[in-house]
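I opened my notebook to get to know this structure, one look-up at a time. Come along and follow the entries with me.

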Amino acid sequence: AGLDRIYKIDPKSFTLDPNSAKIETLSAGLSRPMSLAFDSSGELYVAEWGRGQISTVNVKNGSVKRTGTEFSRSVDITFDSSGTMYVASDDEVFRVNSSTGDFNSLAKGINQPKGLAFDNNENMLYVTSGDKVFRVEPFASPEGGPGSGEYTEIARGLDKPRGLAFD
């Protein structure tokens, strides 16, 4: 296993024997891939921490395309249902314009944000950091628009959470 690749695992190959899973390299030549996310069209995006870039990977042939959107250190990515990408990097959370690649800061001052996830209604974006979880207001009004940038600590005392999920 290297720090420059992502793997494809065939879920049908799983048995009680952990050595039986069919694992193959999907793509190599990445620089410390930290997070994967699919957009609504099925395109696979990769947050490359080492390059500070977001890249796309063709799931059929493994080819990599750099999006041109650069961050200091891209750590996690997620999408909302409208296709807008959100990126955690250094001490900020960014909203990325999918058409232009331009990005604006949504929340500053969250120390080393890691996991990003929306709640089921996409009303709030949640971020993990250190031993904490923060709730970020992604929209300034019910109509959408730029986020308020406000965030609230809602949990602490965790052991370095890296991700979130909602049911």
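My entries go from the cores to the ring pairs, then to the salt bridges and a surface patch.

**Before starting.** I note that this is a predicted model, where local features need pLDDT of at least 70, side-chain atom pairs count only at pLDDT 80 or more, and totals for chains, interfaces and linings use all residues. Residues are numbered from 1 along each chain as its sequence is written, and side-chain values use heavy atoms, leaving out hydrogens and water.

**Cores.** I looked for nonpolar cores, meaning sets of buried Ala, Val, Leu, Ile, Met, Phe, Trp, Tyr and Cys residues joined through side-chain atoms within 4.5 Å. Buried is under 20% relative accessible area, exposed over 50%, and partly exposed in between (1.4 Å probe, protein chains only). The largest core has twelve residues, among them Tyr 86, Leu 116, Phe 118 and Val 136. At least two residues of this core come from each of strand 8 (85–89), strand 10 (103–108), strand 11 (116–118), strand 12 (125–129) and strand 13 (132–136). Strands here are DSSP runs (E, at least two residues), numbered from the N terminus. I also found a second, separate core of eleven residues, including Ile 77 and Phe 94.

**Aromatic pairs.** How many aromatic pairs does a search of the whole structure find? I got six. Rings of Phe, Tyr and Trp (its six-membered ring) pair if their centres lie within 6.5 Å; planes under 30 degrees apart are stacked, over 60 edge-to-face, and the rest tilted. Phe 71 and Phe 94 have ring centres 5.2 Å apart and planes at 50°, so I wrote them down as tilted. Phe 71 sits in the loop between strand 6 (64–70) and strand 7 (74–79), and Phe 94 in strand 9 (residues 92–96), 23 residues apart. Ring pairs link Phe 71, Phe 94 and Phe 103 into a cluster.

**Salt bridges.** I count a side-chain nitrogen of Lys or Arg within 4 Å of a carboxyl oxygen of Asp or Glu. The whole structure has five salt bridges. Arg 66 and Glu 48 meet in one of 2.7 Å, N to O. Glu 48 is buried at 0% relative accessibility, while Arg 66 is partly exposed at 30%.

**Surface.** Tyr 7, Ile 9, Phe 14 and Ile 23 make a nonpolar patch of about 390 Å². Patches use residues with over 30% relative accessible area and no salt bridge, with like charges joined within 9 Å and nonpolar side chains (Val, Leu, Ile, Met, Phe, Trp, Tyr) within 5 Å. Accessible areas come from the Shrake-Rupley method with a 1.4 Å probe; for residues, only the protein chains shown count as cover. I placed Phe 14 in the loop between strand 1 (6–10) and strand 2 (22–27).

Terms used:
Helix = DSSP H or I, 4+ residues; strand = E, 2+ residues; numbered from the N terminus.
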